[in-house]
Amino acid sequence: MRLPLILLALALVLPGASSAATVSFCPEPVVPSGQNFVNSNGSYSGALASGMYRMTLSQSGPFTIQNLQASWNGVVAGAYQQIIGSSNVILSGILPSNVTPGQTVTVTFRIYNILGQVADSSTLTVTVGGQSPGWQKVWTASSQSGLAGYSKHYIGDFDGDGAEDILAVSTSGWMTLFHWHNNDWEWGWSNYGSSSAGGGIYPYRNNLVVGDFDGDGKDEVLGVSSWVTMFHFDNGTWNWGWSSNGSTQDQLYAHANGGGYLVVGNFDTVNNSGNSPVNKDEILGVNPNGWITLFRFNGSSWDWVWSTYGSTSHGMYGYRSSLRNGGDTNGDGQDEVLGLSGWATTFNFANNGFNWAWSTYGANNIAGVGYPQANSGALLVGNIDQLDSRDEWFFIQKGPSASWATTVDWSGSQFTWNWSNHNYSPAVSFIGDWPLANNAGGSASYALVRAVAGQPKYLFARRCKDMRMYVVSNPLANY
């Protein structure tokens, strides 16, 4: 009777199946047909109690990954080992040839305790890679010590050389400015984690808005907190400029706080002034009480240019929770404001006020692209080709089943469909070789950046530890 009692005691103290997956890969492997993947790095979270465990692998899907192998904590899967805390999981395999891009195989990791009970079951998806025409990859992050190691990225031309830079902020408090040089994002200014470096910018690091507010041809950042403060990048570092100095009576502060937000753009090209080709950027402050006000910096303070004064009858009022810069879609040098709600509507500034310009008027698509976007899809705004001076709208689906990416352009009376991954047959769910569908539940983030002065903007894509940059294959084509 002693052996069953011992086994019962062990069963009481050993863990059963965990409530959350303990083995994860982010990003999960995306592998072209007929190629192998070696040392795909994942992790074991350390969620199980310390003890002896072994891992097994199985797979299911429309094809079989050949020579599928894994190691856990440096030991080949299948053998018992002492596990204490988190550790690495390495996966390798070979995809057969002639499998279809976008097809997936589910790999299941099962962890057993010394009684042979399943203590954890985790899965990952191996996706067959593809290539959608129209985009080419120009950069991939080589390590987490550079740009990919930072969680926030503020894009602007901070040094005035015509190319946009990236001010990156990490969760640990590091702030570093990166410049595109020699086909890589090279390290520039950094606070090296110091809260005192950068002229006081550190406390604002998680809430910055970017624009050329003084018209000098360089972008500044405006930090929004209990104070609202402008910082200029001069002489190799950030410098304190205008500030509300904590005044709650300051109107820019009032519009930016308490649920309000700021929209930056070159909305009024007639009445502003500055040395840069596009003059000064204005700020559209959206107050939670319904006031929508346009501000312009005069060199020492912010001028009140225009306002709805809280009127519920102005066309912008119904969009007050989702106004954004809609770009210069008609090429007149002036940005429009885009309101997104049940309708999508643009507003342009003329005759000293914002006026209704274009709208879907309730239609369920924009140039054939479904609207409203599902799953918090991305809408990027910027000029991505050299055919004209107009900004494009780039719609990118997000989520576990994302499969569409499409650009639209203003034709003079309406928006028209241009590039899409579905313009080609067979269509594959990629932008270049970037997979649209989520990996390991990790949602992608996207941005456009003018990495080279005078050139179209590049697509910046990130998912988990994977960060890449793409450019259109033919900049003279209409995207």
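Ser429 is partly exposed, with a relative accessible area of 28%; by the convention used here, buried means under 20% relative accessible area, exposed over 50%, and partly exposed in between, with a 1.4 Å probe and protein chains only. Please bear in mind that this is a predicted model, in which local features need pLDDT of at least 70 and side-chain atom pairs count only at pLDDT 80 or more, while totals for chains, interfaces and linings use all residues. Residues are numbered from 1 along each chain as its sequence is written, and side-chain values use heavy atoms, with hydrogens and water left out.

Where does Ser429 sit? Ser429 is found in the loop between strand 33 (415–420) and strand 34 (430–431); strands (E, at least two residues) are DSSP runs, numbered from the N terminus. Setting aside neighbours within four places in sequence, Ser429 is in contact, that is, has heavy atoms within 4.5 Å, with Ala402, Ser403, Asn421, Trp434, Pro435 and Leu436.

I turn now to the salt bridges. How many salt bridges does a search of the whole structure find? The search gives 9, where a salt bridge is a side-chain nitrogen of Lys or Arg within 4 Å of a carboxyl oxygen of Asp or Glu.

One of them pairs Asp234 with Lys218, and the closest N and O atoms are 2.3 Å apart. Asp234 belongs to strand 18 (residues 228–234) and Lys218 to the loop between strand 16 (208–211) and strand 17 (220–224), so this pair ties together parts that are 16 residues apart in sequence. Asp234 is partly exposed at 27% relative accessibility, whereas Lys218, at 19%, counts as buried.

Next, consider Arg296. Its side chain meets that of Asp268 in a salt bridge of 2.8 Å, N to O. Arg296 lies in strand 22 (residues 292–297) and Asp268 in the loop between strand 20 (261–265) and strand 21 (282–286), so the pair links distant parts of the chain, 28 residues apart. Both Arg296 and Asp268 are buried.

Arg296 also forms a salt bridge with Glu282, the closest N and O atoms being 3.2 Å apart. Because Glu282 lies in strand 21 and Arg296 in strand 22, this pair ties together parts that are 14 residues apart in sequence. Glu282 is buried, with a relative accessible area of 0%, and the value for Arg296 is 11%.

Finally, salt bridges that share partners join Lys137, Asp433, Asp466 and Arg468 into one network.

Methods: Helix = DSSP H or I, 4+ residues; strand = E, 2+ residues; numbered from the N terminus.
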